[in-house]
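Morning, everyone. I have one structure to walk you through today. Please have a look at it first.

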Amino acid sequence: MPEAAFKAGYVALVGKPNVGKSTLLNFMVGQKVSIVSNKPQTTRRRVLGITTTESYQIAFIDTPGIHEAHTQLGRTMIDQAKSALGDTNLVVYVADGSHHPGDMDKQIARMLRGAAGEVGVPLILCMNKMDLLKAENVQRNVDAYCEMFGTTEYMMTTATRGQNVDRLMEMIVEKLPSQAAMYGEDEFTDQSSRFMASEFVREKILIATREEIPHSVAVMVDQWDEDEKFVHIGATIIVEKSSQKGILIGKGGQFLKEIGTKARTEIEALLAKKIYLELHVKVSEGWRMNPRIIHELEYSE
């Protein structure tokens, strides 16, 4: 295919927490590159997922959910979401279409018009969770979101089932410039194996815990010894309280063992190697307000 006919570009997925951005990303890429749970603020840093066909390449940037930040970690997450808009060819705003837009949607709309509007970055509205939207509210919600974000281009999707995601992809490709691919055809993310391993561990914790624990947990890979067939991974789970440490370890270490078993299965599938995963739990009071620890987590690859 002539290079001029090939389309490629960067697409930022932006939205509030827990609207389905990561689920949408994983479906469009066809690989798990961003962890998923039903807990808000699951994604804490920018994640790149790449999908390539014979006619296009899309580098999706999954951003942390934009929320009202009360910690240094939260402020860092929002800064990452905003910075992702800098070099994108297109913004896809992912909304929970089953709800009418609220005050946070209004704030994000103003931010997007300021950050993306200045350089003329187009925006497509993705109204996700359409399976939860009552028929009598469809037009009302569509009109409200389209007016708020200044667009007439939208698609209603259910990312968990892949409904209308192919139609959304067609809309995205249409907006991309004609240019050569930015990445190799076999690449599907720019995340390191170390980072993805730590995220798989954190995902299993998010799914298995409740109350304050999901927001208070971080995972840092401390050891990575690899040969052709085997990888020995040592990781530290950081929490803020001794009580949280006790919950994560569980009676006789059983809870921690279950977390490790589930995470190891996904890491083995990712690396196509046998994994020995060693997990430890460490208490670091107030780590979410500590810039040094946040920096270490961000650059622990």
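**Threonine 88 and its surroundings**

Let's start at threonine 88. Leaving out residues up to four places away in sequence, threonine 88 touches Tyr10, Ala12, Ile61 and Val121. Keep in mind that this is a predicted model. Where does threonine 88 sit? It is in the loop between helix 2 (72-83) and strand 4 (90-96). Is threonine 88 buried or exposed? Its relative accessibility is 7%, so threonine 88 counts as buried.

Now the wider view. The chain has ten helices and nine strands. It has 301 residues, and 51% of them count as buried. The accessible surface comes to about 14,400 Å². Carbon and sulfur atoms account for 48% of that surface. Next, contacts between residues at least 6 apart in sequence. Of these, 72% join residues at least 24 apart.

On to the strands. Strand 1 is mostly covered, with six of its eight residues buried. Which way do strand 1 and strand 3 run? They run parallel, and seven bridges join them. Look at alanine 12, one of the residues that threonine 88 touches. The bridge partner of alanine 12 in strand 3 is isoleucine 61. Isoleucine 61 is on the threonine 88 contact list too. Strand 1 also runs parallel to strand 4, and four bridges join that pair. There, valine 14 has tyrosine 93 of strand 4 as its bridge partner.

Strand 3 has another partner. Strand 2 (residues 47-52) pairs with strand 3 (residues 56-62) in the antiparallel sense, over six bridges. The two form a hairpin, with three residues between them. Valine 47 stands opposite aspartate 62 of strand 3. Why call strand 2 largely enclosed by the rest of the structure? Because five of its six residues are buried. One general point to remember about strands. In a regular strand, side chains alternate between the two faces of the sheet.

Back to Tyr10, which was also on the threonine 88 list. How many aromatic pairs does a search of the whole structure find? It finds two. In one of them, tyrosine 10 pairs edge-to-face with tyrosine 183. Their centres are 6.3 Å apart, and the planes are at 75°. This pair links distant parts of the chain, since its members are 173 residues apart. Tyrosine 10 is in strand 1 (residues 7-14). Tyrosine 183 is in the loop between helix 5 (165-175) and helix 6 (193-208). Tyrosine 10 counts as partly exposed, because its relative accessibility is 23%. The cut-off for buried is under 20%.

Now the nonpolar cores. The largest has 54 residues. Which residues have the most contacts inside it? They are Phe60, Ile172 and Ile237. Helix 6 gives the largest share of this core, seven residues. Take isoleucine 172. Leave aside its neighbours within four places in sequence. Isoleucine 172 is then in contact with Val11, Met28, Ile58, Phe60, Leu90, Val92 and Ile124. There is also a second, separate core of 21 residues. Among its members are Ala95, Met127, Val142 and Tyr145.

Two of those names bring us to helix 4. Val142 and Tyr145 are among its buried residues. Helix 4 (residues 138-149) has twelve residues, so at 1.5 Å a residue it should span 16 Å. Its end C-alpha atoms are 17 Å apart, which agrees. After helix 4 comes glycine 150, with a positive phi near 60°.

Which other residues have a positive phi? Lysine 129 has one of about 60°, although it is not a glycine. Lysine 129 lies in the loop between strand 5 (123-128) and helix 4. It counts as partly exposed, because its relative accessibility is 21%. Asparagine 18 also has a positive phi, near 65°. Asparagine 18 is in the loop between strand 1 and helix 1 (21-29). At 35% relative accessibility, asparagine 18 counts as partly exposed.

One last stop. Arginine 113 is in helix 3 (residues 103-115). With a relative accessible area of 46%, arginine 113 is partly exposed. How far is arginine 113 from leucine 123 in space? The two are 9.5 Å apart, C-alpha to C-alpha, and ten residues apart in sequence.

Definitions and conventions: Residues numbered from 1 in each chain as written. Predicted model: local features only at pLDDT ≥ 70, side-chain atom pairs only at ≥ 80, totals over all residues. Heavy atoms only, no water. Phe/Tyr/Trp six-rings, centres within 6.5 Å; stacked < 30°, edge-to-face > 60°. Buried < 20%, exposed > 50% of the residue type's maximum accessible area, 1.4 Å probe, protein only. Contact = heavy atoms within 4.5 Å. Areas by Shrake-Rupley, 256 points an atom, 1.4 Å probe, with all protein chains shown as cover. Expected span 1.5 Å × (residues − 1). Core = buried A, V, L, I, M, F, W, Y, C linked by side-chain atoms within 4.5 Å. Pairing = 2+ DSSP bridges.
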